[in-house]
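Open the structure in your viewer and keep the selection tool at hand. This tour goes stop by stop, with something to select at each one.

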Amino acid sequence: SFRFGALCYIISIIGGGIMSLLKKKYELVNPDEKPIDTDFYFRKAKEEYISILSCDYQEKVYQKFFEENPAFLPGAYEIVGNATGHAPYMNALISQPIIDDCIQRKPDFMWLAKDSLCFCPVLIEIERPSKEEFRKDEYARSGFTQAVGQIKQWKAILNSTNGREQFYERYSIPQNLRALKFTPQYLLVFGRRSEYEEDKWLTRLRAEEESSDTKIFSFDRLMEPSRDIYDTVTCKVSDGNYHVISIPPTFVYRPGLSNNYDKLINFKQAVTKMRYTSDGRKQFLLNRYSYWVGFGESANLGSIDTSDKE
């Protein structure tokens, strides 16, 4: 009877622990002012994108657009292979990431994509949309070959053991991601579709520049935003610290991502600069920031419904 009682006690302890893990440990607040309607925001952002594509602006104009509207940039869920639903590390788009101190030209953007088997940083280079890839004799122009050559330099750095380790340290990559297979991917956004879409030979020449880990997109291919990227912030990273420079108006707090929030520097300042966002919504985000930081620091987060957000 003693053994039976002890067994029942142990079972009750284990059962209580399991129930604790299955129980939600957070409380959602229904905000008076919700984020902007996603359809409306994406429609307005697309109109802005089409407008700037029609003009021959400098690259910094497009850089700023993508910083403010990360949903238009592919790669958060990898550009090669199948999307897995894993949010990118820190749920952040990184602007002008440093790959090596000795390389003068940095990528314009980077996603730290991942899946269950691989850690897949996606390095993105964008050129001005007005640049053409081909000369009249059908050879590639110097601007295109330089961009392709730059990507090859990044590949060489990240394919080396030392380059990979420095990359991990530079972006504060946790051990669970370092244990995955390291498979960087590369995206060059160059030119407009109108240059080659009616010419099968030029289309084939362009495709020949692609490889198993490198893709080339026209600016036209970025016309439709990804609806899975609605709460992704844009950061610049220095010394392993993620400094928020932009937050989209569709941003929401999600319990499953709360362990990221305390690592984001200048988050509150970026909230005050959010576009298409009412003062009431901004204040709600500011008021709830400490709660979600505290929850993310909890030892036991309990059960989390991935559809929960506020």
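In which helix does Ser 258 lie? Select Ser 258: the residue lies in helix α8, which covers residues 258-261. Keep in mind that this is a predicted model.

**Stop 1: around Ser 258**

Is Ser 258 buried or exposed? Ser 258 has a relative accessible area of 1%. The cut-off for buried is under 20%, so Ser 258 counts as buried. Now show what surrounds it. Beyond residues up to four places away in sequence, Ser 258 touches Trp 292, Phe 295 and Gly 296.

**Stop 2: helix α10**

Select residues 279-296, which form helix α10. Its 18 residues should span 26 Å at 1.5 Å a residue. The end C-alpha atoms are 26 Å apart, so the two values agree. Next, centre on Arg 288, where α10 bends by about 35 degrees.

Colour the buried residues of α10: Arg 281, Lys 282, Phe 284, Leu 285, Arg 288, Tyr 289, Trp 292, Val 293, Phe 295 and Gly 296. What do they pack against? The partners are α8, β9 (264-265) and α9 (267-271).

Stay on Arg 288. It lies over the face of Tyr 291, at 4.1 Å from the ring centre. For another case, jump to Arg 221. Its charged end sits over the ring of Phe 217, 3.7 Å from the centre of that ring.

**Stop 3: the rings**

How many aromatic pairs does a search of the whole structure find? The search finds 27. Start with Phe 65 and Phe 66. Their ring centres are 5.5 Å apart and their planes stand at 75 degrees, so this pair is edge-to-face. Phe 65 and Phe 66 are buried.

Then select Phe 251 and Tyr 253. This pair is edge-to-face too, with 5.5 Å centre to centre and 80 degrees between the planes. Both residues are buried.

Now widen the selection. Ring pairs link Phe 251 and Tyr 253 into a cluster with Tyr 26, Tyr 261, Phe 267, Tyr 289, Tyr 291, Trp 292 and Phe 295.

**Stop 4: helix α3**

Select residues 59-68, helix α3. Its buried residues are Tyr 62, Gln 63, Phe 65, Phe 66, Glu 67 and Glu 68. Show the elements they pack against: α2 (38-53), β1 (92-95), β2 (109-114), β3 (118-126), β7 (233-238) and β8 (241-246).

**Stop 5: the nonpolar cores**

In soluble globular proteins, nonpolar side chains tend to be buried together. Here, the largest nonpolar core has 51 residues. Select Leu 112, Phe 167, Tyr 242 and Phe 267, the residues with the most contacts inside this core. Which helix gives the most to it? That is helix α4 (residues 142-158), with 7 residues.

Go back to Phe 167 and show its contacts. Leaving out residues up to four places away in sequence, Phe 167 touches Ile 99, Met 110, Leu 112, Phe 119, Pro 121, Leu 158, Ile 173 and Phe 182.

**Stop 6: Ile 79**

End at Ile 79, in the loop between α3 and β1. Its relative accessible area is 16%, and Ile 79 is buried. Beyond neighbours within four places in sequence, Ile 79 contacts Pro 74, Val 122, Gln 185, Tyr 186, Leu 187 and Lys 215. Draw a line from Ile 79 to Leu 187: they are 108 residues apart in sequence, yet 7.8 Å apart in space, C-alpha to C-alpha.

Definitions and conventions. Residues are numbered from 1 along each chain as its sequence is written. This is a predicted model: local features need pLDDT of at least 70, side-chain atom pairs count only at pLDDT 80 or more; totals for chains, interfaces and linings use all residues. Side-chain values use heavy atoms; hydrogens and water are left out. A nonpolar core is a set of buried Ala, Val, Leu, Ile, Met, Phe, Trp, Tyr and Cys residues joined through side-chain atoms within 4.5 Å. Buried means under 20% relative accessible area, exposed over 50%, partly exposed in between (1.4 Å probe, protein chains only). Helices (H or I, at least four residues) and strands (E, at least two) are DSSP runs, numbered from the N terminus. Contact means heavy atoms within 4.5 Å. Rings of Phe, Tyr and Trp (its six-membered ring) pair if their centres lie within 6.5 Å; planes under 30 degrees apart count as stacked, over 60 as edge-to-face and the rest as tilted. A charge sits over a ring if NZ of Lys or CZ of Arg is within 6 Å of the ring centre and within 35 degrees of the ring normal. The expected span of a helix is 1.5 Å times one less than its number of residues. The bend at a residue is the angle between axes fitted to the seven residues ending there and the seven starting there.
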